[in-house]
Amino acid sequence: MRYRPFGVSGAAISNLTLSFGLDNLARGREGALNLLYSALEAGVNSYRLETADPVAAEVLGEALAHVDRKLVCVSLTLGVGAGREAARDFSAEGMTGAIDRVLHFSGLGWIDVAVLHEPGEHELPQSSLNALKALRATGRIKLLGVAGGGEVMDTYVSTGAFDALVTPFDINADWRLRNRVRAAREQDMSVFAYDYFTDRRAKPRGTEPVAKKGFFGLGGAPKRPPQSRQSDAFGFLYRTPNWPAEAICLSYVLTDPTISSVIIRANDVERLSMLASTPERDLPPGLAAQIEMGRVTASAAA
């Protein structure tokens, strides 16, 4: 694992941030703890709670109780409910209750980064902003972040009120997204990247092509449209020996010095091990240039 400076304190944060939530609890408490212990052993010191679910908070707190609290970074997503069907809640009472609930069940003492999940342009009332200031003043949260990929994120970055930007970022990130990340760094914001990998082999679902009837009613094989340059622009990702396509994309995003940490998801130790080993690997020679050529090709074909 490798580390980068995080926040004004100069603390070090691992290149990878493990996202932890309800899906990780599907294999039971022991399975979730085993995953977290494996992440700690791999050097991951950054964790994201996807919701304020009390069980997830308790399990994460139990795992992190074995290390010095000051050596790990925990972020909490606000604005989403603790259940799968729960509504968004950016009210002062809702956010304060979510943070207090996580702190109570986890025993973590404080939340390093409270992240507002995709807030709309006018979705944060003044009472909510005052509540966040009070939470910082009492030490229950240290930093404040904002997450999302919409254009409204430019407005939130420009306010200078946030310490972290949580943004989608992959090998084909467009210039608007790259400019937003650059602007965030100019504001001394830490940048967390998610959605770093898209399986470009997946085809959108649609109607099956109809076979053209020939003589005597005999049908030929369905004719499919020829593959476009755009769809094959990143085909090399799946033809690189000893490198899964996801690992290539993760490694490439980590070459960007403006990215503090990349958020990953893993439900088993095997997948976690593959992802955790990636920061220590250097991309094969010429692969970065291929990615840049793929971006140009995809852009030209769009």
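**Exercise 1. Helices α2 and α3**

Work out how α2 and α3 are oriented to each other in this predicted model, and which residues bring them together.

Step 1. Take the two axes: helix α2 covers residues 54-64 and helix α3 covers residues 92-106. Their axes come within 7 Å and cross at roughly 45°.

Step 2. Classify the angle. Angles under 35 degrees count as roughly parallel, and 65 to 115 as roughly perpendicular.

Step 3. Assign the hand: the crossing of α2 and α3 is right-handed.

Step 4. List the contacts. From α2 come Pro 54, Ala 57, Glu 58 and Gly 61; from α3 come Arg 101, Val 102, Phe 105 and Ser 106. Sorted by class, this contact holds 4 nonpolar, 2 polar and 2 charged residues.

**Exercise 2. Helices α3 and α4**

Carry out the analysis for α3 and helix α4 (residues 126-137).

Step 1. The axes of α3 and α4 come within 8 Å, and the crossing angle is roughly 25°.

Step 2. Angles under 35 degrees count as roughly parallel; α3 and α4 are therefore roughly parallel to each other.

Step 3. On the α3 side the contact is made by Ala 92, Met 95, Thr 96 and Ile 99, and on the α4 side by Ser 127, Ser 128, Ala 131, Leu 132 and Leu 135.

Step 4. The residues of this contact divide into 6 nonpolar, 3 polar and no charged.

**Exercise 3. The cavity**

Count the cavities of 30 Å³ or more and describe the lining of the largest.

Step 1. The count comes to 1 cavity of 30 Å³ or more.

Step 2. The largest cavity has a volume of about 50 Å³.

Step 3. Its lining consists of Thr 17, Arg 48, Ser 75, Val 115, Val 166, Phe 192 and Ile 263.

Step 4. By class, the lining has 4 nonpolar, 2 polar and 1 charged.

Note on methods: Residues numbered from 1 in each chain as written. Predicted model: local features only at pLDDT ≥ 70, side-chain atom pairs only at ≥ 80, totals over all residues. Heavy atoms only, no water. Axes fitted to C-alpha atoms, helices over the stretch in contact; angles between N-to-C directions. Helix = DSSP H or I, 4+ residues; strand = E, 2+ residues; numbered from the N terminus. Left-handed = near helix turned anticlockwise from the far one by under 90°. Contact = heavy atoms within 4.5 Å. Nonpolar A, V, L, I, M, F, W, Y, C, P; charged D, E, K, R; others polar. 1 Å grid on protein atoms, 1.4 Å probe; cavity = no way out; pocket = protein on both sides within 12 Å on 5 of 7 lines; lining within 4 Å. Points joined across faces, edges and corners; volume = space filled by probe spheres on them. Parallel < 35°, antiparallel > 145°, perpendicular 65-115°, else oblique.
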